[in-house]
Amino acid sequence: MIRDIGQYFIFLRQVFINRETFITYYKLVLEECVSIGIGSLFLVALVSTFMGAVTTVQTAFNMVSSFIPDYVISQVVREMIVLELAPTIIAVIYAGKVGSSMASGLGTMRITEQIDALEVMGINSISYLVLPKIIASLMMYPMLVIIAGVCGILGGYLAGTLTGIVSPNDFVYGLRSSYNEFTITFALIKSFVFAFLVASISSYKGYNTKGGALEVGISSTQAVTTSVIAVLIADYLLAQLLLAQ
Amino acid sequence: MIKIENITKSFGDKLVINHISGVFEKGKPNLIIGASGTGKSVLLKSIVGLMKPDIGEVFYDGRNFYGSDRDTKIEIRRELGMLFQGGALFDSKNVEKNVMFPLDVLTKMSLAEKQERVNFCLQRVGLENVNSKMPSEISGGMKKRVGIARAIVNTPNYLFCDEPNSGLDPQTSIVIDDLIQDISEDLDITTIVVTHDMNSVMGIGERIMFIYKGEKLWEGTKNDITHSGVKELDDFVFANKVMNSLRGT
Ligand SMILES: Nc1ncnc2c1ncn2[C@@H]1O[C@H](COP(=O)(O)OP(=O)(O)O)[C@@H](O)[C@H]1O
Ligand SMILES: [Mg+2]
């Protein structure tokens with residue numbers, strides 16, 4: 001475990017030293033962006049819309065007191081979606097979709113000697129393969145989180161108004177009342193951290209695959225598990241660091 | 001010319017390569033032969049620097065690879081081409097992009113120059129009209145040929161082939177062997193071929209090194225291989241029925 005963490009940091013160092021030329025990375029990053037961003041867009045939108053809808057219905061269900069005005073529902077939904085559900089739950093999904101495909105992609109390259117082929121040409125394969133994934137992840141994941149936030153609130157609005165739980169006016173009023181800008185900043189800070197963790201951990205697991213097709217599957221599963229654990233720990237630490245009074 | 005000295009490599013407490021030394025000359029393929037699992041691939045990877053040996057040195061025309069700084073290592077690396085066992089083509093790139101790849105990252109050629117060179121190399125290995133095919137769409141033999149084209153595209157001084165014939169039918173094997181032989185002669189480069197295929201040995205085996213359980217037991221040419229007097233080599237050579245029928249002739 002400790003050894004693994006140490007090796008992970010050595011791996012990270014390799015990502016950032018002895019880089020190839022800028023122009024080499026430019027194209028690679030764009031390719032990764034397309035596969036990460038466009039590839040996950042539908043799933044993220046779908047999940048966050050339903051998450052918003054369910055959150056709204058359940059929040060309403062729990063507010064039994066008639067002293068609490070309806071607009072509080074959308075206020076709660078907003079805070080939950082923006083602060084926690086969009087950055088963190090989507091990170092779990094992101095690890096499952098993007099992290100596992102990064103790990104299996106690199107694992108396959110490893111066992112079919114494509115990584116050796118790069119090394120033989122004198123290319124720093126870690127940096128060449130992994131840096132574009134990390135950069136693309138840092139660029140795309142925050143955007144996915146923003147989209148998830150919008151879809152989540154939209155899902156909440158639809159569920160709330162269509163079922164008559166809360167009137168459109170109340171919902172919008174709630175969204176706008178006692179709004180604190182820092183929640184958005186905080187959500188974005190979390191997104192960057194999670195994006196880095198998922199991309200780097202999954203790449204690390206994939207790159208260090210040994211064996212055959214079976215091991216590629218194992219690396220890919222481990223990539224998801226480890227990234228999710230890292231995301232949850234980071235989530236807690238960030239909340240302590242940035243939100244504790 | 002490549003010279004290796006005392007290459008030794010173990011994994012854990014398992015000694016895989018045991019003090020192997022030797023010289024590989026230019027112009028004709030140098031074969032490293034031996035049964036599966038005797039350490040041929042590990043030896044080859046130690047020579048090209050993919051696996052650092054525990055002890056030993058490798059000299060590329062006098063340049064000590066493991067004793068060099070990073071820049072010299074990269075310089076040497078850029079002079080070598082390698083054909084991997086499964087071809088190791090980049091599966092996200094089509095045939096043309098695969099072959100062009102070393103030129104993209106290692107040279108400053110213009111696109112037109114690169115295109116011309118790629119087409120020349122693909123022609124050299126007998127492949128035409130496959131430029132836009134993906135690796136998953138071509139046969140094993142074609143993958144090997146694309147692998148060779150990619151290995152020679154940047155005019156290497158050293159060519160390494162790990163089991164160029166594995167998984168190929170006998171006819172294609174001969175084509176690939178002859179291709180490797182021709183390229184080594186035409187370009188006058190140092191070529192090292194790892195194989196366990198007796199057909200290759202009898203076909204292109206002008207310089208052969210026999211490895212048994214990590215040790216070099218014999219060196220010679222195909223003309224002497226049937227009467228080496230080394231028992232392990234006899235077992236290897238005559239495991240083949242055709243060869244066995246020639247035994248004692
Ligand atoms: N990365 C590795 N880690 C541990 N053992 C290895 C590794 N690579 C090869 N070996 C072992 O070294 C021995 C020689 O392997 P190899 O060189 O691949 O044989 P071959 O002669 O068939 O090419 C085998 O027993 C193999 O299990
Ligand atoms: Mg081998």
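A:Thr183 lies in helix α7 (residues 182–207) of chain A. Helices here are DSSP runs of H or I with at least four residues, strands are runs of E with at least two, and both are numbered from the N terminus. A:Thr183 counts as buried because its relative accessibility is 10%, where buried means under 20% relative accessible area, exposed means over 50%, and partly exposed is in between (1.4 Å probe, protein chains only). Leaving aside residues up to four places away in sequence, A:Thr183 touches A:Glu79, A:Val82 and A:Leu83; contact means heavy atoms within 4.5 Å.

The model is predicted: local features need pLDDT of at least 70, side-chain atom pairs count only at pLDDT 80 or more, and totals for chains, interfaces and linings use all residues. Residues are numbered from 1 along each chain as its sequence is written, chains are lettered from A and ligands numbered from 1 in the order in which they are written, and side-chain values use heavy atoms, with hydrogens and water left out.

**Chain A**

Chain A has eight helices and zero strands. Its C-alpha trace spans about 70 × 35 × 35 Å along the principal axes. Of the 245 residues in chain A, 49% are buried. Among contacts in chain A with a separation of 6 or more, 86% are between residues 24 or more positions apart.

**Chain A against chain B**

The size of an interface is often given as the accessible area lost when the parts come together. Buried area is used here in that sense: the accessible area (1.4 Å probe) that two parts lose on being put together, summed over both. The contact between the chains takes 16 residues from chain A and 21 residues from chain B. A:Glu113, A:Val120 and A:Met121 supply 40% of the area that chain A buries against chain B, more than any other three residues.

A salt bridge is a side-chain nitrogen of Lys or Arg within 4 Å of a carboxyl oxygen of Asp or Glu. One such pair joins the side chains of B:Lys45 and A:Glu113 (3.5 Å, N to O). On the side of chain A that touches chain B, the elements giving two or more residues are α3 (71–111) and α4 (114–120) of chain A. The largest share, six residues, comes from α4(A). The residues of this side divide into seven nonpolar, five polar and four charged. In this grouping Ala, Val, Leu, Ile, Met, Phe, Trp, Tyr, Cys and Pro are nonpolar, Asp, Glu, Lys and Arg are charged, and the others, Gly among them, are polar.

**Domains of chain B**

Chain B is assigned domain 1 (1–79 + 158–181 + 190–249) and domain 2 (89–155), with bounds from an automatic or database domain assignment. Twelve residues from domain 1 of chain B and eleven residues from domain 2 of chain B take part in their contact. The centres of the two domains, taken over C-alpha atoms, are 26 Å apart.

The table lists both interfaces. A polar contact is a pair of N or O atoms within 3.5 Å; within protein, one must be able to donate a hydrogen and the other to accept it, and residues adjacent in sequence count only if both atoms are side-chain atoms.

| Interface | Buried area | Share from carbon and sulfur atoms | Salt bridges | Residue pairs in polar contact (both at pLDDT 80 or more) |
|---|---|---|---|---|
| Chain A and chain B | about 1,600 Å² | 59% | two salt bridges | four residue pairs |
| Domain 1 of chain B and domain 2 of chain B | about 870 Å² | 70% | zero salt bridges | three residue pairs |
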